[in-house]
Amino acid sequence: MNMSKNVIVAGGTGLIGKVLCEQLRAEGHHVRILTRKPTNIEKQQYHWDPKKKEIDPLALVAVDVIINLVGEGIADERWTQSRKEKLISSRTVPALFLLEAAKNQNVQHYISASGINCYGYDQPNREHVETDPYGDDFLSSVVEKWETAANAFQAICKVTTVRIAVVLTKEGGALPKIAAPVKWRLGAALGSGKQHMPWITITDLARLFAHVVKHEVEGPINALANTNTNKEVTKAIAQSLQKPLWLPNVPAFVLKLALGEMASVLLDGLQASNAKIKGTGFQFDDEDIAATLNKLL
Ligand SMILES: NC(=O)c1ccc[n+]([C@@H]2O[C@H](COP(=O)([O-])OP(=O)(O)OC[C@H]3O[C@@H](n4cnc5c(N)ncnc54)[C@H](OP(=O)(O)O)[C@@H]3O)[C@@H](O)[C@H]2O)c1
């Protein structure tokens with residue numbers, strides 16, 4: 001049986017999108033990219049602008065699966081009121097516009113990026129599963145609105161929301177930012193250092209999305225390989241870079257002064273279970289933080 005599908009990836013130009021598109025093509029799928037700035041027609045890039053409600057009329061023709069990764073970077077700017085609104089609207093507006101555009105097509109499956117920070121912060125010995133309620137902090141509210149927009153696709157097709165943990169890759173995202181001070185011998189754990197950080201390598205995440213496409217896994221999915229504390233991650237980075245860690249932890253109030261409410265991304269953690277995706281037969285390649293960081297750094 002031919003398992004090849006026509007997949008369009010909105011936000012396929014981004015950090016995760018690039019690796020995901022390569023993975024999907026390697027698995028034999030026909031991949032298109034939806035972007036506000038198409039530069040390469042041969043790579044099947046199609047133009048859209050969700051804010052202006054514009055989309056190339058051919059973009060969704062014969063598409064089986066839509067993967068939507070778009071959204072302004074959560075940790076790119078301080079969380080002012082207008083930034084908070086942008087973080088939400090840059091996720092909900094494109095999703096609802098895609099639904100409008102997909103209504104007259106034959107889409108079978110809508111897969112949306114989502115965030116693991118949706119259960120509220122560290123509760124001792126609590127490993128969150130997908131059926132747990134949303135928390136009442138800002139990031140949880142972003143995820144709730146994001147997933148509500150994604151779930152509107154249930155009117156026309158299957159829906160999956162991939163609750164992504166911190167993505168580890170040396171190409172960008174969190175890891176180079178955490179590793180930079182350690183390289184300069186100025187690394188230190190943050191706050192208490194005991195906050196939990198769920199993580200996944202970018203290659204495992206791309207394989208996980210491809211697994212969801214192939215096996216049509218539905219509903220919310222916690223996408224993490226493992227969880228380590230901030231101190232364990234900082235130590236593992238120092239060991240793989242062969243640098244000493246000698247400074248005391250960076251006090252929480254310093255981070256709060258520098259970053260405002262956004263400091264919660266660094267200071268608050270949570271634990272989550274990956275049993276649901278493993279139960280569908282998915283296996284992670286990278287599960288040990290020290291071995292993973294040795295490989296990446
Ligand atoms: N990286 C992580 O550690 C991580 C962790 C948890 C969740 N996530 C989520 O996973 C998704 C992808 O992450 P990423 O790291 O690959 O992000 P990224 O590198 O910033 O890429 C996101 C892409 O979305 C598009 N985009 C951004 N803002 C948009 C807007 N207002 N309207 C329309 N398109 C917009 C851009 O594509 P064009 O400019 O080509 O249009 C961009 O290339 C994001 O939603 C992110 O929140 C990421």
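Predicted model: local features only at pLDDT ≥ 70, side-chain atom pairs only at ≥ 80, totals over all residues.
Me: What makes a residue part of the surroundings of the ligand, and how many residues surround the ligand?
Reply: A residue is near a molecule or strand if its C-beta atom, placed from the backbone, lies within 6 Å of it. There are 25 residues around the ligand, and the closest are Gly11, Gly14, Thr35, Gly71 and Val167. Two or more residues of the shell come from each of helix H1 (15-26), helix H2 (81-102), strand S6 (109-115) and strand S9 (166-168). Helices (H or I, at least four residues) and strands (E, at least two) are DSSP runs, numbered from the N terminus. H1 gives the most to the shell, with 3 residues.

Me: How is the shell around the ligand divided by class?
Reply: Ala, Val, Leu, Ile, Met, Phe, Trp, Tyr, Cys and Pro count as nonpolar, Asp, Glu, Lys and Arg as charged, and the others, Gly among them, as polar. The shell has 12 nonpolar, 10 polar and 3 charged residues.

Me: Why is H6 called oblique to H10?
Reply: Helix H6 (residues 230-241) and helix H10 (residues 289-296) pack at an angle of about 45°, with their axes 9 Å apart. Axes are lines fitted to C-alpha atoms, for helices over the stretch in contact, and angles run from 0 to 180 degrees between N-to-C directions. Angles under 35 degrees count as roughly parallel, over 145 as roughly antiparallel, 65 to 115 as roughly perpendicular and the rest as oblique. H6 is therefore oblique to H10.

Me: What is the handedness of the crossing of H6 and H10, and which residues make the contact?
Reply: H6 passes H10 in a right-handed crossing; a crossing is left-handed if the near helix is turned anticlockwise from the far one by less than a right angle, and right-handed if clockwise. Residues are in contact if their C-beta atoms, placed from the backbone, lie within 7 Å. The contact is made by Glu232, Val233, Ala236, Ile237, Gln239 and Ser240 of H6 with Ile289, Ala290, Leu293 and Asn294 of H10.

Me: What makes H1 oblique to H5?
Reply: The axes of H1 and helix H5 (residues 202-215) come within 9 Å and cross at roughly 55°. H1 is therefore oblique to H5. The crossing of H1 and H5 is right-handed. By class, their contact has 10 nonpolar, 2 polar and 1 charged residues.

Me: Why are H2 and H3 described in other terms, as roughly parallel?
Reply: H2 and H3 pack at an angle of about 15°, with their axes 8 Å apart. H2 is therefore roughly parallel to H3. H2 passes H3 in a right-handed crossing, and their contact has 9 nonpolar, 1 polar and 3 charged residues.

Me: Which strands stand at the edges of the sheet of 8 strands?
Reply: Two strands pair if DSSP finds at least two bridges between them. The order of this open sheet is S4-S3-S2-S1-S5-S6-S8-S11, with mixed pairing. Strand S4 (54-55) and strand S11 (219-223) are the edge strands, since each pairs on one side only.

Me: How do you know that S1 and S5 pair?
Reply: Strand S1 (residues 6-10) and strand S5 (residues 65-68) are joined by 4 bridges and run parallel. Valine 9 has isoleucine 67 as its bridge partner in S5. H2 packs on the sheet, touching S1, S4, S5 and S6, and its direction makes about 165° with that of S5.

Me: Why are S9 and S12 at the edges of their sheet?
Reply: In this open sheet of 3 strands the order is S9-S10-S12, and the pairing is mixed. S9 and strand S12 (226-229) each have a single partner strand, so one side of each is left without a neighbour in the sheet. The twist averages 45° from one strand to the next. S9 and strand S10 (residues 196-201) run parallel and are joined by 3 bridges, and leucine 168 stands opposite threonine 201 in S10.

Methods. Residues numbered from 1 in each chain as written. Contact = placed C-beta atoms within 7 Å.
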